[in-house]
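Colleague: Could we go through the charged pairs in this one, then a helix?
Modeller: Fine, here it is.

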Amino acid sequence: MKYLLLKHYRGAPAAVNNVPMDRWTPDEVDAHMQYMNDFAARLEGTGEFVDGQALAPDGAWVRHDGEGEPPVTDGPFAETKDLIAGWMIIDVDSWDRAVELAGELSAAPGAGGKPIHEWLEVRPFLTAPPVAE
């Protein structure tokens with residue numbers, strides 16, 4: 001089963017070590033990124049890593065505005081660009097394994113080199129269309 005692990009800048013419950021990344025030292029950012037890379041590399045070795053990316057704070061909403069019309073854009077909005085920091089897709093045997101890995105990823109170091117203990121959103125991939133009742 002595939003799961004999406006979402007890291008949030010905002011919108012999730014506060015982390016234990018809740019210092020925003022833009023207030024970390026360069027060494028703290030490097031240590032955090034190294035932890036993330038090492039975690040992904042370990043999961044590549046077990047065959048559980050599918051993909052992962054950090055997201056830039058830039059972006060915009062886009063929508064179709066009718067046949068022959070150009071797409072409409074709006075934004076970027078601070079409340080949305082700050083929401084998702086990045087994501088990782090894992091392919092594991094069970095929900096319990098997905099939760100175990102999310103818990104481990106939650107311990108990535110942050111300010112002061114201490115674990116963030118951030119909340120991660122774990123979402124299973126939809127494997128079949130929802131059934132209307």
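Modeller: Glu-48, Arg-97 and Glu-100 are linked in a network of salt bridges. A salt bridge here is a side-chain nitrogen of Lys or Arg within 4 Å of a carboxyl oxygen of Asp or Glu. This is a predicted model, where local features need pLDDT of at least 70, side-chain atom pairs count only at pLDDT 80 or more, and totals for chains, interfaces and linings use all residues. Residues are numbered from 1 along each chain as its sequence is written, and side-chain values use heavy atoms, with hydrogens and water left out.

Colleague: How many salt bridges by this rule?

Modeller: Five. Glu-100 pairs with Arg-97, with the closest N and O atoms 3.0 Å apart. Both lie in helix H3, three residues apart, about one turn of the helix; helices (H or I, at least four residues) and strands (E, at least two) are DSSP runs, numbered from the N terminus.

Colleague: And which residue does Arg-42 form a salt bridge with?

Modeller: Glu-104, with the closest N and O atoms 2.0 Å apart. Arg-42 is in helix H1 and Glu-104 in helix H3, so the pair ties together parts 62 residues apart in sequence.

Colleague: Switching to H1, which of its residues are buried?

Modeller: Glu-28, His-32, Met-36, Phe-39, Ala-40 and Leu-43. Buried means under 20% relative accessible area, exposed over 50%, partly exposed in between (1.4 Å probe, protein chains only).

Colleague: What do they pack against?

Modeller: The buried residues of H1 pack against strands E1 (2–8), E2 (49–54) and E5 (84–91), and helix H3 (95–105), contact meaning heavy atoms within 4.5 Å.
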